[in-house]
Amino acid sequence: MQRAVSSLSFSPSVKVKLVSAGFQFTSDLLHLEPLQLSKEAGLSQQEALEVLQTVTRAGEGVSASLTALELLQKEEETRSIVTFSSQLDAALGGGFPIGKITEICGVPGVGKTQLCLQLAVDVQVPQCFGGVGGQVMYIDTEGSFLLERVIDMATAAVRHCSLLVEDDEQRVAMTTFTVETILSDIFLVRCNDYMELLAELHLLPDFLLNHPRVRLLVIDSVAFPFRQFDDLSQRTRLLQGLAQQLVAMAYRHHVAVVITNHMTTRLQGSQSQLVPALGENWGHAPTTRLLLQWAGSQRLAAILKSPGHVDTTIQYQISSDGFRDADQSELPQNKRPRTHANQSAASQPDS
Amino acid sequence: MVVLREGMCPGLDEGLVRDLRAADIKTVEDLVSSDIEELAQKCSVSYKALFAIRRVLLAQHTAFPVSGADLYEELLSSTAILSTGNPSLDKLLDSGLYTGEITELSGGPGSGKSQVCFGVAVHISYQLKQSVIYIDTTGGLTARRLLQMLQTETSNTEEQMEALQRIHIFRLFDIFSLLDCLYSLCSGGLQQASVGGGSAKAVIVDSVSAVISPLLGSKQNEGMSLMIQVAGILKTLAKDFNAAVLVTNHVTRSGSGEVQPGLGVSWSHIPRTRVLLERAEKATAVSRSSVRSATLIKSSRQPCHIKEEFDLQWWSRSQVEPSGKRKLDETDS
């Protein structure tokens, strides 16, 4: 099968020059010298060299594949980021997955940012306590990063872990797991508009290379910079590109990507319904979609989309310590729906 | 078209190639479409020699007709119908995925596209014992879910592991690496990937729109060209290597609010069969049910717009299957 030159990643001008010089397939280029090519196609020598290098690389064959079994082993080795809400962890199969994108959407005030802050603290829980002991990159586009809340949550997390100490390893780990270290392992970036956000995401792979301990990337929120946009088709395109960047980053650098999204109203005939913002196409970007919502005075978290879990709804609360399970003893009347949700989760073996 | 080179055919020597170049004839295409008589004068070669060269080149670069009877023979011997493992979907697809064809699943987020892909991959690798190539461009693939599906099929761990080993995963997040991968599959990777003879029978791309749509709609039409390249290579994979190709696509809403598959009209000619997946009830995005409806929107075998409902839980059902259906699948393959 001959491969067309236009299917390689050259700049359009190089492609045009190659094609007009008669080089339509990579096989035409294989046995050429850079000098000869630059003369025949009117390319600079540097360009000609790059073209030939790409062609040989493309001809070399199969990119790395792995079998599902190898992938399974990798997944078993990877820990998820726990949330301190056992029900949410159970529903997500152990917490927020590393290497995937999870979107949290919900109406204002329902606790999206609180959950993000909680995760920023939780990702740092040392490995001997069942955490991942990582650092966090926090991109704040709304200016909603609240340091006081992080300190509250960090204090609670440190207190919680210190109560669990059983052996020497954990005692040693506790000496470096303090509110100060938690704060110093949060890298905060404030992006004011979508240009800054896009630029930051372009620079991020380098940052992640230099900081291999980063295990969590939070974007709170991805919706805000893109809500005011005149050219909708450009917005869709930018968002699609951003989604692919995030997927690649999550996979290559082994970080969990957590983004938040707003809700918007969609009119369908005379009916209106609340749906996640940024349009339907964006919905494909996150691997898992978590919807936080109010039901009366209770807060509910529902899995809207996930390739690995059944759709479940769980109840949570936001206490001064952070994101926690709803207190069961105080709300006995809600027991029924919750156990139901638990059962359906339990019916999935190994979820 | 191919660049003219000495030794390509008898009579085309170095001197002639140089002369032709001087007359601005660089490729086979140029030579074939030029006026031979004029060219013979320009390059001072005999008309007869040029004419002979042209005939040989045409013969080398043409496609050959195949008789319908031969084709039918070949079809009978090589085409397989790979069951998706789900009776309702099989019914919709006229008993399954056909090798040599591209089948498309489209649907909004959470409509079950990936789940169907997982189910198909597991079914083909476990029940039909064939290798599967799974190209994941969205990071949505979880091996745990594959294992979960396998566990409903068999409780034998060894068989589960074997089936998992027959699924080959590529994770590619941009169009150029997708093209690289597809081309290398074409040039032998497909055979390499399979274990124990024969080549992989199914290629799944989930999702094709994720890598293509960021390129579409800008002022340059490069995206369109790349999309057609992907389409072409997928067709080659399907036809020449007799693989069933399953791709997923997102959906867009037309002006009247109707749901239709994404990637526009040009893409709509590519898949032979298109299926639209939706959540069964028209209710809110908040509703949670695992029932999905599948509508056939393009097919060359079945009447269009037939609709089937199926349950995503099917793939995680408990072991209750009668053995009759299994037998049917095996004869199909």
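**Close-up views of a predicted model**

**View 1. The domains of chain A.** Chain A splits into domain 1 (10-59) and domain 2 (70-325), with bounds from an automatic or database domain assignment. Their C-alpha centres lie 45 Å apart. This is a predicted model, where local features need pLDDT of at least 70, side-chain atom pairs count only at pLDDT 80 or more, and totals for chains, interfaces and linings use all residues. Residues are numbered from 1 along each chain as its sequence is written, chains are lettered from A and ligands numbered from 1 in the order in which they are written, and side-chain values use heavy atoms, leaving out hydrogens and water.

**View 2. A salt bridge between D321(A) and R159(A).** Here the two side chains meet at 3.4 Å, N to O; a salt bridge puts a side-chain nitrogen of Lys or Arg within 4 Å of a carboxyl oxygen of Asp or Glu. The partners sit 162 residues apart, D321(A) in the loop between β11 (313-319) and β12 (322-325), and R159(A) in helix α7 (residues 147-164). (Helices are DSSP runs of H or I, at least four residues, and strands are E runs of at least two, numbered from the N terminus.) D321(A) is partly exposed at 26% relative accessible area, and R159(A) is partly exposed at 45%. Buried means under 20%, exposed over 50%, and partly exposed in between (1.4 Å probe, protein chains only).

**View 3. A buried pair in chain B.** D136(B) and R171(B) form a salt bridge of 3.4 Å, N to O. D136(B) belongs to strand β4 (residues 132-136) and R171(B) to strand β5 (residues 167-171), 35 residues apart. Both residues are buried.
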